[in-house]
Amino acid sequence: MKIQNYVETVLQPKIQGDGGWVEFESVENGTLTLVFRGECSKCMILYRCCDWIEQQIKSDLNKDVKVVAIRKKPYFQDV
């Protein structure tokens with residue numbers, strides 16, 4: 001399973017359960033860049049979620065990645 005597919009089908013639903021949203025941005029040279037929206041965009045402990053995502057990918061896909069988080073406000077806060 002590709003990392004993008006894993007993020008979209010496995011991780012997104014879990015994060016949505018807490019009111020957040022994660023989007024795949026890119027994976028390059030062992031760095032996985034994810035965009036966090038919703039509740040994630042203002043979460044004070046987002047680094048813990050990133051650590052959890054790294055562990056899940058290592059466990060389920062046997063790949064070592066470092067997650068880089070990009071926070072984006074929900075679209076309705078952009079006005």
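Q: Is Gln55 buried or exposed?
A: Gln55 is exposed, with a relative accessible area of 53%. Here buried means under 20% relative accessible area, exposed means over 50%, and partly exposed lies in between, with a 1.4 Å probe and protein chains only.

Q: What kind of model do these values come from, and how are residues numbered?
A: This is a predicted model, in which local features need pLDDT of at least 70 and side-chain atom pairs count only at pLDDT 80 or more, while totals for chains, interfaces and linings use all residues. Residues are numbered from 1 along each chain as its sequence is written, and side-chain values use heavy atoms, with hydrogens and water left out.

Q: Where is Gln55 placed?
A: Gln55 is in helix H2. Helices (H or I, at least four residues) and strands (E, at least two) are DSSP runs, numbered from the N terminus.

Q: At what angle do H1 and H2 pack?
A: Helix H1 (residues 3-16) packs with helix H2 (residues 46-61) at an angle of about 125 degrees, and their axes are 12 Å apart. That makes H1 oblique to H2. Axes are lines fitted to C-alpha atoms, for helices over the stretch in contact, and angles run from 0 to 180 degrees between N-to-C directions. Angles under 35 degrees count as roughly parallel, over 145 as roughly antiparallel, 65 to 115 as roughly perpendicular, and the rest as oblique.

Q: Which residues of H1 and H2 meet?
A: From H1, Ile3, Tyr6, Leu11, Lys14 and Ile15 meet Cys49, Trp52, Ile53, Gln56, Ile57, Asp60 and Leu61 of H2. Contact means heavy atoms within 4.5 Å.

Q: What is the make-up of that contact by class?
A: The contact of H1 with H2 has nine nonpolar, one polar and two charged residues. In this scheme Ala, Val, Leu, Ile, Met, Phe, Trp, Tyr, Cys and Pro count as nonpolar, Asp, Glu, Lys and Arg as charged, and the others, Gly among them, as polar.

Q: Staying with H1, is Val7 buried or exposed?
A: Val7, which is in helix H1, is buried, with a relative accessible area of 0%.

Q: What does Val7 touch?
A: Leaving aside neighbours within four places in sequence, Val7 is in contact with Gln12, Val22, Phe24, Leu32 and Leu34.

Q: Turning to the strands, is Val35 buried or exposed?
A: Val35 lies in strand E2 (residues 31-38) and is buried, with a relative accessible area of 3%.

Q: Which residues are its contacts?
A: Not counting residues up to four places away in sequence, Val35 touches Trp21, Val22, Glu23, Glu25, Ile70 and Lys72. Val35 and Val68 are 33 residues apart in sequence, and their C-alpha atoms are 8.6 Å apart in space.

Q: New topic: how many salt bridges are there?
A: A search of the whole structure finds four salt bridges. A salt bridge is a side-chain nitrogen of Lys or Arg within 4 Å of a carboxyl oxygen of Asp or Glu.

Q: What can be said of Glu23 and Arg37?
A: Their side chains meet in one of these, at 2.9 Å, N to O. Glu23 lies in strand E1 (residues 20-28) and Arg37 in strand E2, so the pair ties together parts that are 14 residues apart in sequence. Glu23 is partly exposed at 26% relative accessibility, and Arg37 is partly exposed with a relative accessible area of 24%.

Q: Which parts does the pair Glu54 and Lys66 link?
A: The side chains of Glu54 and Lys66 meet in a salt bridge of 3.7 Å, N to O. This pair links distant parts of the chain, with Glu54 in helix H2 and Lys66 in strand E3 (residues 66-71), twelve residues apart. Glu54 is buried, with a relative accessible area of 16%, whereas Lys66 is partly exposed at 48% relative accessibility.

Q: Finally, what is the phi of Asn29?
A: Asn29 has a positive phi of about 50 degrees although it is not a glycine. Most residues other than glycine have a negative phi. Asn29 is found in the loop between E1 and E2 and is exposed at 76% relative accessibility.
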